[in-house]
Amino acid sequence: MNNKEFITELSNRLGYSAKETADLVSSAISVVSEQLQEGNTVVVQGFGTFDVKKKAERISVNPATKQRMLVPPKLVISYKPSNVLKDKFK
């Protein structure tokens, strides 16, 4: 399901126009993005938890040249599904 299909399905379920639904989805994504950029955890009950984690600095080896490179630390977004969502797929 792509973004357009998602907006259409959601607008049909909510009874809003596609434009209003697109604005709602855009606003929700914006709020989640801002919270993650601030380093906060975002919990959507019944769906899951979004969190920012720090990956440590590590050494990587190029298999072709055997050259070792230092990969700097970075922040990554992680997602953990809720137990309710996990149970739906069992």
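This report describes the salt bridges of a predicted model.

## Overview

Side chains of opposite charge can pair when their charged atoms come close. The structure holds three salt bridges. Each is taken in turn below, with the exposure of its two partners.

## E9 and R13

In helix α1, which covers residues 3–14, E9 and R13 are four residues apart, about one turn of the helix. Their side chains meet in a salt bridge, with 2.9 Å from N to O.

E9 has a relative accessible area of 34% and is partly exposed. R13 has a relative accessible area of 66%. R13 counts as exposed because its value is over 50%.

## D23 and K19

Helix α2 covers residues 18–37 and contains both D23 and K19. These two residues are four residues apart, about one turn of the helix. A salt bridge joins their side chains, at 3.4 Å from N to O.

Is D23 buried, partly exposed or exposed? With a relative accessible area of 41%, D23 is partly exposed, because this value lies between the 20% and 50% limits. K19, at 59% relative accessibility, counts as exposed.

## D87 and K90

The side chains of D87 and K90 also form a salt bridge, with an N to O distance of 3.8 Å. This pair meets the definition because the distance is within 4 Å.

D87 is partly exposed, at 48% relative accessibility. K90 has a relative accessible area of 82% and is exposed.

Methods: Residues are numbered from 1 along each chain as its sequence is written. This is a predicted model: local features need pLDDT of at least 70, side-chain atom pairs count only at pLDDT 80 or more; totals for chains, interfaces and linings use all residues. Side-chain values use heavy atoms; hydrogens and water are left out. Buried means under 20% relative accessible area, exposed over 50%, partly exposed in between (1.4 Å probe, protein chains only).
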